[in-house]
Amino acid sequence: MVIFGFGFFLMVLRRYGFSSTGFNFLLVVLGVQCSVVAEDLLVFLRGGRNAAGLKSLAKAFVSVTAVVISTGAVLGRANPVQLLVMTLAELVFFYVSRYINETFLEVPEHLTGTHVFLFGAYFGLALASRFPEAPPGLDKDRSTPKSELFSVLGTVFVWVFWPSFNSILPFSKMQAVLNTYLALAVSAVAAFMLSALTSKDGKFRMAQIRSAVLAGGVTISCIAERIHHPWIAMLLGLLATGITILGSHCVQRCFNPALKLQDTSGVHFTFGLPAVLGAVAAVVLALVEAGIDTRWIELSRLGYDAFVCIGAFCQTISTALITGLITGLILNIKLLKAVHVSKYFDDQFYWEFPHLSVGF
């Protein structure tokens, strides 16, 4: 899912297909190795012993998803060296964020891993703000029907395997699979409906559908095992799709121009906003569970549960934004040879194309 699915999902730019899939593969395999080492170090700091196995590998792939999401925000504007440095830095900061949540806020270990979408999205946005915008006349950041088709292929692949992805860390795996599928199914239906309703001519927009069909899986990721009523998962899927499609209009027309931010793959409304909705849903669900578990609702207990949930999500977003800005400043030093804006979104700057060579 992470290598093939997200690799093709990012293959949306018409002249950046080699780099989208190739660099994604490189970053994932490097990131998994670093994540296994970081996971072992995290267990050591907590005074435990970690035996490297499939569980450790699964946690590593989940953590690397943050890197893949952040890459989408700077897609086409960062060179391979910058992406490698970004991968190492982001993984370190993500594990620091997890350590803070587990140690000081006492968030369960398997829940801190589900913050990956929240961290990856806002780390990527903060990182993207440090890169110069592409000039208005540059048209290489557009998509073509062929590139959109490959991106949709990756989206479908990610959609199919997302229930398995959300069930890796939770204990109630079957419950997580069921709830994730229901949320994704409603998101898929709502994506087509809202895409047609929000377009002037009533036609479907592939770019909107491609982002919105995954929104339910993002939103429900941190509470997939805790939902015991199907309608709740379906409602979250519907709300997530609505936020994604409506957010795509607001973010692209108001938010990004105001901050002079160029989000290449729409990371903010594809992963960021649905993850925020999931954070709000987790807080509400924690309050409801605390109220049901105690016959006499203890306000102190409710307040503590709400504080832990809100604190964990605020800490994750704050750490992602601050460390993303710091990493963006580091990536633009002369030593890393930042790409000139005229070379943005172009495979020919990095890859050899034999059929374009002269005199063969």
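1. Helices (H or I, at least four residues) and strands (E, at least two) are taken here as DSSP runs, numbered from the N terminus. Ser195 belongs to helix 8, which covers residues 173–198. The residue counts as buried because its relative accessible area is 0%, where buried means under 20%, exposed over 50% and partly exposed in between, with a 1.4 Å probe and protein chains only. Neighbours within four places in sequence aside, Ser195 is in contact (heavy atoms within 4.5 Å) with Lys203, Phe204, Arg205, Gln208, Ile209 and Ile245.

2. The model is predicted, so local features need pLDDT of at least 70 and side-chain atom pairs count only at pLDDT 80 or more, whereas totals for chains, interfaces and linings use all residues. Residues are numbered from 1 along each chain as its sequence is written, and side-chain values use heavy atoms, with hydrogens and water left out.

3. The UniProt annotation "transmembrane region", from an unreviewed entry, covers several spans, including residues 149–169 and 176–195; such annotations, given in the numbering used here and with feature names shortened, may be inferred rather than shown by experiment. In the model, residues 149–169 are 86% helix and 0% strand, with end C-alpha atoms 31 Å apart, while residues 176–195 are 100% helix and 0% strand, with end C-alpha atoms 28 Å apart.

4. Leaving aside neighbours within four places in sequence, Phe6 is in contact with Met1, Asn24, Thr65, Val68, Val158, Trp162 and Phe271.

5. With a disulfide taken as a pair of cysteine sulfur atoms within 2.5 Å, the count comes to zero. Cys34 counts as partly exposed because its relative accessibility is 25%, and Cys250 also counts as partly exposed, at 48% relative accessibility.
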